Amino acid sequence: ASAGAYQLANLRRDNYDSIQLAVRQTLSGQHEWMASYTRSRTLTNAVLDPNSAETLQVLPALVPMPWDSPDRFLAWTYLPLPWKKWSVAALADARSGFPFSIQDQTGVVKGGVNSHRYPFHFDLNLSIERMIVLRGYRFALRGGVDNLTDHRNSAAVNNVIGSPQYLQFLGDEGRHFVARIRFFGRAGGK
């Protein structure tokens, strides 16, 4: 430590602004649907760098936070099918990609902080469910497909300038099948 007078101050500034429009309708029983759109902005002038001796750095300008997603559409539904005790469930999630920074081999950020974005994210899940009573207890058996469209929703990016896979997106989950059992308790509310 060097001699001198130090002033403890908080120069960090975080901003979150959003507007959301949502529509929801409850149908008979436990069936319902919902759709929403959110336009938001999440900015900060503070950057966390765990590799630095000074882990919190204050920037002169506001930059997007790592979870900033300006546009997001979210919808889900749980609707009855024509057959008794059968239902269909669906979830759609579409949003802007999260921001990331470009860096060199030593970890120094090149260009603007969080100035690049992951590609558009889209997920569509669809399931069919059957309600059953087994030994006096109510269950729901559900089977379906997550990421039905097999959209590539990357979880990582190679952001190091000069590397062979520079700006290559990695780690998408792909389409996969799911099964679920839900337990509701005793049949007839006993």
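Tutor: Arg72 pairs up with Asp93 in a salt bridge, with 3.0 Å between the closest N and O atoms. The term covers a side-chain nitrogen of Lys or Arg within 4 Å of a carboxyl oxygen of Asp or Glu. This pair ties together distant parts of the chain, since Arg72 sits in strand β4 and Asp93 in strand β5, 21 residues apart (strands are DSSP runs of E, at least two residues, numbered from the N terminus). Arg72 is partly exposed at 35% relative accessibility, while Asp93 is buried at 11% (buried is under 20% relative accessible area, exposed over 50%, partly exposed in between, with a 1.4 Å probe and protein chains only).

Keep in mind that this is a predicted model, where local features need pLDDT of at least 70, side-chain atom pairs count only at pLDDT 80 or more, and totals for chains, interfaces and linings use all residues. Residues are numbered from 1 along each chain as its sequence is written, and side-chain values use heavy atoms, leaving out hydrogens and water.

Next, Arg142 and Glu129 meet in a salt bridge at 3.1 Å, N to O. Arg142 belongs to strand β11 and Glu129 to strand β10, 13 residues apart, and both are buried.

Then there's Asp172 with Arg152, at 3.3 Å from N to O. Both lie in loops, 20 residues apart: Asp172 between β13 and β14, Arg152 between β11 and β12. Asp172 is partly exposed at 32%, and so is Arg152 at 44%.

Shared partners also join Glu129, Arg142 and Arg182 into one network. Altogether, the structure holds nine salt bridges.

Terms used:
Helix = DSSP H or I, 4+ residues; strand = E, 2+ residues; numbered from the N terminus.
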